[in-house]
Amino acid sequence: MIRILVDTSSDYTVEEIKANGMELAPLHITIGEKDYRDGYDLSKDRFYELLTSSEEFPKTSQPTPQDFVDVFEDVQEKGDELICILLSSKLSGTFQSATLAKSIVDYDNIHLVDSLGATHMIRIMADYALDLVKEGKSAIEIVAALEEMKSKIKVLAVVDTLEYLCKGGRVSKTAAGIPASMAF
């Protein structure tokens with residue numbers, strides 16, 4: 001059986017993951033002294049409440065190698081194949097954690113795909129992979145199709161404010177200070 005794994009940056013809910021028979025690797029979020037596993041211990045709605053109300057700015061970290069090892073060992077024990085579609089290696093260490101976990105488990109039927117994107121791009125790729133599994137494609141064929149697909153996907157995002165991107169170090173204070181009416 002071919003299984004699909006995404007990380008929580010894909011914005012699937014835990015319920016959607018279960019409904020699609022997928023696997024989920026949680027990013028970790030720290031707010032103040034409290035640590036959360038994204039999607040499990042902290043819902044998106046609660047995260048946004050804490051983001052706007054907490055004096056502490058949230059810090060995120062990639063899934064640990066152990067988060068992946070737990071899934072990879074289950075896949076190996078069952079003799080399944082796993083395709084992991086992960087947050088861009090240019091944005092996070094998630095892909096690196098999965099690579100380390102794969103070397104620990106040492107199982108050839110685990111395939112890692114660096115999405116080179118985030119959120120909706122990962123979701124588009126995962127939905128496509130699920131369709132290809134239903135069509136009876138092999139894991140190798142699916143990975144090849146995903147590698148070809150990722151260069152063709154373009155996702156544009158619009159945000160209400162650059163405040164949180166600035167606080168998280170994703171944009172400079174200068175860029176965050178540009179009025180939306182001047183953005184181009």
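Trainee: Which strands and which helix do the buried residues of H3 pack against?

Mentor: The buried residues of H3 pack against strands S1 (2-7), S2 (23-25), S3 (28-31), S6 (81-86) and S7 (110-114), and against helix H4 (94-105). Helices (H or I, at least four residues) and strands (E, at least two) are DSSP runs, numbered from the N terminus, and contact means heavy atoms within 4.5 Å. Please keep in mind that this is a predicted model, in which local features need pLDDT of at least 70 and side-chain atom pairs count only at pLDDT 80 or more, while totals for chains, interfaces and linings use all residues. Residues are numbered from 1 along each chain as its sequence is written, and side-chain values use heavy atoms, with hydrogens and water left out.

Trainee: And which residues of H3 are buried?

Mentor: In H3 the buried residues are Asp67, Phe68, Val69, Val71, Phe72 and Val75, where buried means under 20% relative accessible area, exposed means over 50%, and partly exposed lies in between (1.4 Å probe, protein chains only).

Trainee: What span should H3 have, and how far apart are its end C-alpha atoms?

Mentor: Helix H3 covers residues 65-78, and at 1.5 Å a residue its 14 residues should span 20 Å, which agrees with the 20 Å between its end C-alpha atoms; the expected span is 1.5 Å times one less than the number of residues. Just after H3, glycine 79 takes a positive phi of about 70 degrees.

Trainee: Switching to rings, how many aromatic pairs does a search of the whole structure find?

Mentor: The search finds two aromatic pairs, counting rings of Phe, Tyr and Trp (its six-membered ring) whose centres lie within 6.5 Å, with planes under 30 degrees apart called stacked, over 60 edge-to-face and the rest tilted. Phenylalanine 47 and tyrosine 48 form an edge-to-face pair, at 5.3 Å centre to centre and 75 degrees between the planes. Phenylalanine 68 and phenylalanine 72 form a tilted pair, at 5.8 Å centre to centre and 40 degrees between the planes.

Trainee: Where do phenylalanine 68 and phenylalanine 72 lie?

Mentor: Both lie in helix H3, four residues apart, which is about one turn of the helix, and both are buried.

Trainee: What about phenylalanine 47, buried or exposed?

Mentor: Phenylalanine 47 counts as buried because its relative accessibility is 18%, whereas tyrosine 48 is partly exposed, with a relative accessible area of 49%.

Trainee: New topic: what order do the strands take in the open sheet of three?

Mentor: The order is S4-S3-S5, with antiparallel pairing, and two strands pair if DSSP finds at least two bridges between them. Strand S4 (34-37) and S5 stand at the edges with a single partner strand each, so one side of each is left without a neighbour in the sheet. S3 and S4 pair in the antiparallel sense over four bridges, and isoleucine 31 stands opposite lysine 34 in S4.

Trainee: Which residues is lysine 59 in contact with, leaving aside its neighbours within four places in sequence?

Mentor: Lysine 59, which has its place in strand S5 (residues 59-61), is in contact with His28, Ile29 and Thr30. The C-alpha atoms of lysine 59 and isoleucine 31 are separated by 6.5 Å, although these residues are 28 residues apart along the chain. Lysine 59 counts as exposed because its relative accessibility is 56%.

Trainee: How many helices and strands are in the chain?

Mentor: There are eight helices and seven strands, and buried residues make up 40% of the 184 residues in the chain.
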